[in-house]
Amino acid sequence: GVDAQYFASMMIPQTKDASEVWFAQSQPLRVGPVDKEWLTLVNTSFRVTSVDYDLKPENSVSHRFVIFAGPKRPPLLAKYGLENIVIYGWFWWVAEPLLWVLHFFYGIVRNYGIAIILLTVLVRGSMFPLSIKQAANAQKMQELQPEIKRIQEKYKKDLEARSKAQQELFRKHNYNPMGGCLVMFLQLPIFIGLYRALMVDVELRQAPLFSESIRWCSNLAAPDMFYNWSWLMPDFVVRGSGFLGLGPYFNLLPIVTVLLFLWQQKTFMPPPADEQAAMQQKIMKFMMLFMGLLFFKVASGLCLYFIASSLWGVTERRFLPKHAPAETPAAEPKPRESRPAPAGEKFDFKSLFGGGNGDGAASRKTRKDRPRR
């Protein structure tokens with residue numbers, strides 16, 4: 001058959017024995033002319049060639065098929081044994097439960113945009129304890145930056161001593177450098193699973209964020225199409241299919257998503273302790289801009305998830321308890337220079353330190369009554 005993003009047309013052989021082979025060859029076919037400006041969009045079909053049969057006179061061979069042509073709804077496909085044509089990828093075990101929850105919320109609010117926001121709240125809320133630990137870990141790292149910088153300056157040429165000193169500092173303040181990676185690893189399968197779920201779920205096709213009468217974001221399974229800029233942009237941007245082929249519409253939600261990412265990075269990342277850390281942060285900013293190009297044509301429903309997730313992360317920081325800054329060791333006082341006592345004179349410690357009364361009166365009196373030599 002022919003499998004598309006949301007629909008499929010399948011010819012299902014009704015064989016008595018599953019091991020019986022009816023076809024010797026199968027091949028895809030292109031139907032109709034191909035537009036040179038849209039090489040990736042083409043109508044397709046398929047052709048199957050039967051195996052050879054040696055039929056004797058008055059004998060016959062008949063093949064029976066069931067034709068399925070319709071939307072790729074898993075409950076409907078399961079009746080025909082076609083549930084495997086909906087592919088959620090490696091993280092199907094995440095995508096399928098998320099879709100079930102999404103449809104459950106839609107049954108209550110009757111709007112897939114609101115349902116995606118509720119799904120975001122549920123996912124981020126379930127990871128709230130881990131997110132708080134990640135935020136506290138990042139804040140503690142910010143508080144330890146002066147100490148880390150002092151250690152780096154002290155052991156510039158001794159990498160082993162620097163590493164041991166930093167480990168001792170982390171151990172002293174109960175800081176785990178890998179503590180902020182757990183939430184990231186948990187969010188990765190959720191992101192990929194939700195991406196695949198939104199891209200293949202036919203229920204999101206033509207599902208509007210606000211209303212069908214509003215053109216912007218009228219299809220949560222496609223880019224939001226905020227403004228038609230085809231009259232302004234060059235042809236390779238409007239009609240191209242490569243990295244810079246952004247399409248005929250300017251999409252707003254991917255820009256909002258990247259701006260929120262940059263805001264979070266600027267707000268929550270600790271100030272760089274050295275030039276290397278500053279360079280890493282600059283590279284991350286450029287990576288965010290690169291992600292903006294990658295996100296420019298993704299489904300608006302996925303952008304809506306990231307926007308809601310970013311706003312949730314900003315709100316989480318308000319619940320983060322404020323930690324006292326890390327204690328820095330006080331600088332050792334410089335030793336006071338002492339002058340030798342003149343010959344024939346007894347050195348008086350009380351006169352040097354103020355005679356024990358704390359105001360230096362005894363020392364001033366002693367110096368006043370001392371005869372000149």
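# Contacts, ring pairs and charge pairs in a predicted model

Apart from neighbours within four places in sequence, Thr257 touches Cys303, Phe306 and Ile307, where contact means heavy atoms within 4.5 Å. The structure is a predicted model, in which local features need pLDDT of at least 70 and side-chain atom pairs count only at pLDDT 80 or more, whereas totals for chains, interfaces and linings use all residues. Residues are numbered from 1 along each chain as its sequence is written, and side-chain values use heavy atoms, with hydrogens and water left out. A search of the whole structure finds 15 aromatic pairs and 5 salt bridges, while the number of disulfides is 0.

**Thr257 and the cysteines**

- Thr257 belongs to helix α9, which covers residues 252–268; helices (H or I, at least four residues) and strands (E, at least two) are DSSP runs, numbered from the N terminus.
- With a relative accessible area of 1%, Thr257 is buried, a class that means under 20% relative accessible area, with exposed meaning over 50% and partly exposed lying in between (1.4 Å probe, protein chains only).
- Cys303, one of the contacts of Thr257, is likewise buried, its relative accessible area being 0%.
- The closest cysteine sulfur to that of Cys217 is in Cys303, 8.8 Å away and therefore too far for a bond, given that a disulfide is a pair of cysteine sulfur atoms within 2.5 Å.
- Cys217 is itself buried, with a relative accessible area of 1%.

**Aromatic pairs**

- Rings of Phe, Tyr and Trp (its six-membered ring) pair if their centres lie within 6.5 Å, and planes under 30 degrees apart count as stacked, over 60 as edge-to-face and the rest as tilted.
- Among the 15 aromatic pairs found in the whole structure, that of Phe226 and Phe250 is edge-to-face, because the ring centres are 6.4 Å apart and the planes stand at 70°.
- This pair links distant parts of the chain, 24 residues apart, with Phe226 in the loop between α7 (181–200) and β6 (227–228) and Phe250 in strand β7 (residues 249–250).
- Phe226 is partly exposed at 43% relative accessible area, and Phe250 also counts as partly exposed, at 23%.
- Phe250 pairs with Phe296 as well, and here the centres are 6.2 Å apart with the planes at 55°, so the arrangement is tilted.
- The second pair again joins distant parts of the chain, since Phe250 is in strand β7 and Phe296 is in the loop between α10 and α11 (300–316), 46 residues apart.
- Phe296 counts as buried, at 4% relative accessibility.
- Ring pairs link Phe226, Phe250 and Phe296 into a cluster that also includes Phe210, Trp216 and Trp229.

**Salt bridges**

- A salt bridge is a side-chain nitrogen of Lys or Arg within 4 Å of a carboxyl oxygen of Asp or Glu, and one of those found joins Asp3 to Lys72, with the closest N and O atoms 2.9 Å apart.
- Asp3 lies in strand β1 (residues 2–3) and Lys72 in the loop between β5 (65–71) and α1 (74–78), so the pair ties together parts that are 69 residues apart in sequence.
- Asp3 is partly exposed, with a relative accessible area of 41%, whereas Lys72 counts as buried at 6%.
- Arg73 and Glu203 meet through their side chains in another salt bridge, at 2.5 Å from N to O.
- Their pair spans 130 residues, from Arg73 in the loop between β5 and α1 to Glu203 in the loop between α7 and β6.
- Both partners are partly exposed, Arg73 with a relative accessible area of 35% and Glu203 with 26%.
- Arg150 and Glu147 also form a salt bridge (3.4 Å, N to O), and these residues are separated by about one helical turn because they are 3 residues apart in helix α5 (residues 145–154).
- Arg150 is partly exposed, with a relative accessible area of 36%, while Glu147 counts as buried at 7%.

**Backbone with positive phi**

- Arg110, although not a glycine, has a positive phi of about 60°; Arg110 lies in the loop between α2 (92–109) and α3 (112–126) and counts as exposed at 54% relative accessibility.
- Met225, also not a glycine, has a positive phi of about 55°; Met225 is placed in the loop between α7 and β6 and counts as buried at 19% relative accessibility.
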